[in-house]
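Have the viewer open as you read, and try each question before looking at its answer.

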Amino acid sequence: MSISLFELFKVGVGPSSSHTVGPMLAAQRFAGALEAEGLLTSVKRLKVSLYGSLGATGKGHGTGPAVMMGLEGEKPDLIDSEEMPARLEQIREAGALSIAGQHWVRFREYTDLVYHRRKSLPGHPNGMTCQAFDDDGQCLSERTYYSVGGGFVVDATIAGTPEIREDNTPQPYLFCSGKALLALCREHGLTIADIMYANEQAWRTPDEIRSGILELWRVMRACVQSGIRHEGELPGGLRVRRRAASLYRSLMDKQRVDLISPSLSALDWVNLYALAVNEENAAGGRIVTAPTNGAAGIIPAVLHYYWEFCPQADENGIVRFMLTAAAIGRLFKENASISGAEVGCQGEVGSACAMAAAGLAAATGGTPEQVENAAEIGMEHHLGMTCDPIGGLVQIPCIERNAMASVKAIDAAIMALRGDGQHYVSLDKALHTMRETGRDMLDKYKETARGGLAVNIIEC
């Protein structure tokens with residue numbers, strides 16, 4: 001299966017790629033299907049049922065609002081997140097929405113958007129069923145979708161399992177493992193970024209690839225700046241205070257910088273970058289899914305570290321970083337998972353840390369072997385990490401977890417660059433271990449808010 005960089009990195013809205021971006025896209029596809037089938041004018045009522053993790057934590061993850069916007073024809077990468085609250089209020093007051101922006105139908109959120117907290121569909125923990133009814137209550141159309149992590153959405157087959165549609169676009173360098181990727185690099189005398197760049201040209205021109213990557217970098221920078229500007233409390237009821245703005249002022253105050261050690265000042269900035277992005281994500285702001293929303297702050301934070309603190313950093317390095325990170329992310333997507341609902345937070349924060357570590361090692365001149373080593377180190381030290389968001393919100397421990405993983409990614413790259421690329425545990429072994437650990441993990445630790453911190457915080 002061929003996965004493009006621009007599938008792993010997508011512009012969207014917070015707070016969750018699997019719970020917000022994916023469901024919005026699925027609902028938009030359902031609305032588009034009704035239009036394509038000529039059913040719009042016959043539809044009088046809609047109903048959307050959310051299952052598994054979507055049902056358990058969907059309210060805290062903004063799934064309902066995302067679905068309503070999707071039914072109105074909005075896409076995650078194009079919607080204006082600042083206009084969403086007013087539009088949602090209009091739907092709630094009217095008790096109706098406009099399918100694909102063309103046909104008004106009844107839609108009452110409290111009855112037509114159903115959260116099944118204890119029921120799951122067979123194909124994946126993040127399942128949802130969309131239904132359209134006529135004036136007599138007859139079902140005109142019913143479709144089931146699975147949001148499989150990172151904003152990826154697949155349709156269900158009649159049997160109820162995801163239909164994975166492989167992209168068979170011919171590519172010059174096929175790889176499905178870290179071992180195969182390194183073999184290609186050695187055989188052709190190329191870097192991992194070179195391999196990914198050549199493959200990307202199956203879909204886009206060289207200019208489109210470069211400009212697309214730099215546009216993702218622009219959105220990441222804008223997200224950090226937005227996070228620095230905003231203050232107050234995050235939505236959702238936990239009354240979590242945003243810290244990025246005050247941390248930025250502290251770092252700009254020369255009398256308060258480097259209170260611990262001058263050598264650690266760069267890490268203060270890395271923390272700031274990650275906090276800013278993930279606070280924006282938690283507030284439903286515009287971000288880049290990298291490769292998920294819950295872990296969206298790690299790659300931007302490490303990219304900022306490269307840009308601000310690494311000598312001779314330039315846009316070519318940004319491109320190498322992103323191409324390399326995408327190659328590693330592709331291995332995670334194909335061989336394990338990037339879905340917290342499927343394998344816990346090791347699949348989200350762990351994969352993002354590995355991708356960032358590999359990207360930084362590549363951007364600063366690492367060999368393919370050193371890059372693979374950096375990715376392995378980044379993943380190895382997140383094995384077994386649970387996904388246990390308090391209150392079902394992408395806030396605690398998610399926001400700080402991104403900052404910690406950003407620092408880990410930098411350290412992983414440094415450790416790998418100090419070595420020769422030879423190491424005992426391969427990236428492939430770490431990926432296999434992560435997948436098996438995720439299978440063994442109890443469901444209450446996989447984005448259901450029924451275990452770990454999500455429940456024990458009440459007892460503390």
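## Residues and helix pairs

Q: In which strand does Asn126 lie?
A: This is a predicted model, and Asn126 belongs to a strand covering residues 126–133. That strand is β6.

Q: Is Asn126 buried or exposed, and what is its relative accessibility?
A: Among the residues that Asn126 touches, leaving out those up to four places away in sequence, are Ser18, His19, Tyr51, Tyr145, Ser339 and Ala341. Residues under 20% relative accessible area count as buried. Asn126 is therefore buried, with a relative accessibility of 0%.

Q: At what angle do α2 and α4 pack?
A: Helix α2 spans residues 17–36 and helix α4 spans residues 63–71, and their axes are 7 Å apart. The two are roughly parallel to each other, since angles under 35 degrees count that way. The packing angle is about 30°.

Q: How many charged residues are in the contact of α2 with α4?
A: On the α2 side, the contact includes His19, Thr20, Pro23, Met24 and Phe30, while α4 contributes residues including Thr63, Val67, Met69 and Leu71. By class, the contact has nine nonpolar and five polar residues. The number of charged residues is none: there are no charged residues in it.

Q: Which hand does the crossing of α10 and α11 have?
A: Helix α10 covers residues 244–252 and helix α11 covers residues 265–282, with axes that come within 9 Å and cross at roughly 155°. Angles over 145 degrees count as roughly antiparallel, so α10 and α11 are roughly antiparallel to each other. The crossing of α10 and α11 is left-handed.

Q: How many nonpolar residues are in the contact of α10 with α11?
A: From α10 the contact takes Ala244, Leu247, Tyr248, Leu251 and Met252, and from α11 it takes residues including Asp268, Trp269, Leu272, Leu275 and Glu279. By class, one residue of this contact is polar and two are charged. The nonpolar residues number nine.

Q: Against which helices do the buried residues of α10 pack?
A: In α10, the buried residues are Ala244, Ala245, Ser250 and Leu251. Ala244 and Leu251 also take part in the contact with α11. The buried residues of α10 pack against α9, residues 206–229, and α11.

Q: How are α12 and α13 oriented to each other, roughly?
A: The axes of helix α12, residues 298–309, and helix α13, residues 315–335, come within 11 Å and cross at roughly 150°. The crossing of α12 past α13 is right-handed. An angle over 145 degrees counts as roughly antiparallel, so α12 and α13 are roughly antiparallel.

Q: Which residues of α12 meet α13?
A: The α13 side of this contact is made by Glu315, Gly317, Ile318, Arg320, Phe321 and Met322. By class, the contact of α12 with α13 has eight nonpolar, one polar and two charged residues. The α12 residues are Ile299, Val302, Leu303, Tyr306 and Trp307.

Q: Is Pro172 buried or exposed?
A: Pro172 sits in the loop between β8 (153–155) and α7 (178–188). Leaving out residues up to four places away in sequence, Pro172 touches Ala198 and Asn199. A relative accessibility over 50% counts as exposed; Pro172 has 52%, so Pro172 is exposed.

Q: What is the relative accessibility of Asn199?
A: Asn199 is placed in helix α8, residues 192–200. With residues up to four places away in sequence set aside, Asn199 touches Gln171, Pro172, Tyr173, Phe175 and Arg330. Asn199 counts as buried, and its relative accessibility is 1%.

Q: How far apart in space are Asn199 and Leu78, C-alpha to C-alpha?
A: Along the sequence, Asn199 and Leu78 are 121 residues apart. Their C-alpha to C-alpha separation in space is 26 Å.

Q: What relative accessible area does Asn373 have?
A: Asn373 is found in helix α16, residues 368–380. Not counting residues up to four places away in sequence, Asn373 touches Ala416, Gly421 and His423. Asn373 is buried, with a relative accessible area of 7%.

Note on methods
Residues are numbered from 1 along each chain as its sequence is written. This is a predicted model: local features need pLDDT of at least 70, side-chain atom pairs count only at pLDDT 80 or more; totals for chains, interfaces and linings use all residues. Side-chain values use heavy atoms; hydrogens and water are left out. Axes are lines fitted to C-alpha atoms, for helices over the stretch in contact, and angles run from 0 to 180 degrees between N-to-C directions. Helices (H or I, at least four residues) and strands (E, at least two) are DSSP runs, numbered from the N terminus. Angles under 35 degrees count as roughly parallel, over 145 as roughly antiparallel, 65 to 115 as roughly perpendicular and the rest as oblique. A crossing is left-handed if the near helix is turned anticlockwise from the far one by less than a right angle, and right-handed if clockwise. Contact means heavy atoms within 4.5 Å. Ala, Val, Leu, Ile, Met, Phe, Trp, Tyr, Cys and Pro count as nonpolar, Asp, Glu, Lys and Arg as charged, and the others, Gly among them, as polar. Buried means under 20% relative accessible area, exposed over 50%, partly exposed in between (1.4 Å probe, protein chains only).
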